[in-house]
Every structure is written in C-alpha cells, then in structure tokens.
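Try each task before reading its solution.

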Amino acid sequence: MNPCSFDLNLLKVAVALADTASVTRAAVELNMSQPGVSTALARLRTQVGDPLFVRTSRGMEPTARGAIVVAEARDVLNRVARHVLSSPEFMPASSRTEFRFAMADVAQMLFIPRLLRALAQEAPHATVHIGSHQPARLEAALEAGAVDLAVGYFPELTGGNLIQQRLFMHGFCCLVRAGHRFARGLSASEFCELEHVVVQAPVHSHEMGERYFLQHRIPRRIRMRTSNFATLPVILAESDMIATVPAALGTVLPRVSAIAAVATPFAMPRFQVRQHWHRRFDKDQRSMWLRALVARLFGAGSDFLA
C-alpha cells in the first residue's frame, strides 16, 4: 500500500478503541457516530490485513498485531502533537544559540551595550554576532536565517516577505566637547562658522543628513573627514570642532566621554528606526523572543533615549 494514501485519522480510532474497549465509548470520545467508528475500523482492518480488535468478556481488545498498531499510533499522534501542532518552546535561560544581527557601526554603538546586559541576565549562555551586510544581500541573509534581525534605518528593505516593527523616531544632533562655548546651544550662523568633523560612512541616516546640508546649501567649514563614528569622542574632546550625528549618539556618548550634545539649529529630517525580519521566522519561538526583547529595550515605552 502507498503510505501517502493511508488515512491518518484511522490511527485515532485505533487508540480510542484501545482506551475505551468499546465502539460506543470510542465514538463518544472521538465525537463520531457509532457506525462511523465501525466503518473506520473496517477500513483499518482491510488496510492492515488483521482483525486488530476482537470482542472478549472485557470488551474490544487488541490482537497481537493490534497492540503493535496501537503503540505505533500513539507514538505518531504524540509526535504530531509535539512537533507539528505545537511550536517548540524557546528556553532563553538554557539556550546556547547565537543571535545574529545586521547593524551599521553607529547602531552597534547605540544598541549593543544595553542588549548585552539584557542577554547576560536572560540568556546567559547565548552568543551574539554583529555584522554589516551589503544592502543587496541583506534581504537574502534574512531569508536564509543567516541574520535574525536587521536593526536600524534600512529604507531598502521593502520586500514583500519582510516584516518590520518601528522602535523609535530618530533625528540629528550636534556633538562638541564638554566645556565648549556652544555646549549649551548654538545659532545657525555659529554652526556655519565652526570647524566640522564629517563622518563618511555608508550609513543611510548619515547620508540623509549630508543630503540635507547640500540641498539647503548650508555651508560648513569642514576641517576633517573620518570613516568611523567611534573616533569622534577623542577628536572632539581635544578640539573646538563640531560634528552632526544621529541623535541617539548624543544620548549615549556624553555618558562615557567628555562630550556634550547640542540641538541642531536647523529643522533636519527625522526617520524611523526599525527591526526587520523575514516572514519565514515570524512564528518561530526563538525569533519571537528576540524581537520582544529588542522591542522592550529600545521600543516605545522604553527608557532608551531618556
């Protein structure tokens, strides 16, 4: 017999008969009619080639072959319940999984310290891998599971199989050294008079800010260009230069260096910071737990930018 043609519902009938020793009681348990159970049993007998159950003084009892069928049927139905009908539970406290993120360098500076502290408490055996992916390859990496979450500003992630959640609205601020004469605020003219450090990095939000200055013809006296946001605290702390950066850096860097954040004197654009994942993993328990953690740490209602 072709296994694909076998009706798996017949296994439920065999188990119910073994449990109740009665066609009538099996029908009640299965919410079937008594003739329906009898018909199902006849089909199962034909397909297996054995009576399977016989009437005795104690009711319907399995034959030797029937006992084997019932044992296998229980195992199959239990495995279906555990692995098909129920999602495997993710246990963060004992898991040794590796969480894989795609983030730009500036996003890593913002998110990773708080994320690592939370994982140390809730998933102490898990490891973290952070990478930056070319935009053209990031969607494929999410689809393949090579990246669990892309966190940040990724306007190119628009595929129909991608799902996103907004974490917070973001903008820009200026950074100067603590004690700078404009550390409490500056005007548009003062902004233009200062010497600037410009970070030239493939970060979409930063590119947005640079386009704003070009489109509005805002002059800057650019003294230095660098490719790394991480060098800004050292550069600014030892000079009177200024840098325009994504606003969250103005929340994080003053906590760890002699840097002050100042509001920009221009109405610069704002953008949404989101977490992105692939639809393949939308109902995956591990992915759901990780996304909930990121939303709790950085989303609406968190104190991340407080």
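The exercises below go from the overall form of this predicted model to single residues.

**Exercise 1. Compare the radius of gyration of the protein chain with that of a compact globule of 306 residues.**

Start with the reference value: a compact globule of 306 residues would have a radius of gyration near 19 Å. Next, take the value for the protein chain, which is 31 Å. Then look at the principal axes, along which the C-alpha trace spans about 100 × 35 × 25 Å. For the secondary structure, count 11 helices and 12 strands in the protein chain.

**Exercise 2. Work out what share of contacts links residues 24 or more positions apart, and what share of residues is buried.**

Begin with contacts between residues with a separation of 6 or more: 75% of them join residues 24 or more positions apart. Now turn to burial, where 43% of the 306 residues count as buried. Finish with the accessible surface, about 16400 Å², of which carbon and sulfur atoms hold 52%.

**Exercise 3. Find the residues with the most contacts inside the largest nonpolar core.**

The largest nonpolar core has 63 residues, and Phe-101, Phe-111 and Phe-229 have the most contacts inside it. Helix H5 (residues 105–122) gives this core its largest share, 8 residues. To see the surroundings of Phe-229, set aside its neighbours within four places in sequence; its contacts then include Val-106, Met-109, Val-199 and Leu-249. There is also a second, separate core of 21 residues, with Val-13, Leu-17, Leu-52 and Ala-73 among them.

**Exercise 4. Decide for Ala-14 and for Val-234: buried or exposed?**

Take Ala-14 first, and locate it in helix H1 (residues 9–20). Its relative accessibility is 1%, so Ala-14 counts as buried, the cut-off for that class being under 20%. Beyond its neighbours within four places in sequence, Ala-14 is in contact with Leu-44, Phe-53 and Val-70.

Now move to Val-234, which lies in helix H9 (residues 232–237). Here the relative accessibility is 60%, so Val-234 counts as exposed, since that class needs over 50%.

Technical notes: Residues numbered from 1 in each chain as written. Predicted model: local features only at pLDDT ≥ 70, side-chain atom pairs only at ≥ 80, totals over all residues. Heavy atoms only, no water. Helix = DSSP H or I, 4+ residues; strand = E, 2+ residues; numbered from the N terminus. Rg over C-alpha atoms; globule rule 2.2 N^0.38 Å. Buried < 20%, exposed > 50% of the residue type's maximum accessible area, 1.4 Å probe, protein only. Contact = heavy atoms within 4.5 Å. Areas by Shrake-Rupley, 256 points an atom, 1.4 Å probe, with all protein chains shown as cover. Core = buried A, V, L, I, M, F, W, Y, C linked by side-chain atoms within 4.5 Å.
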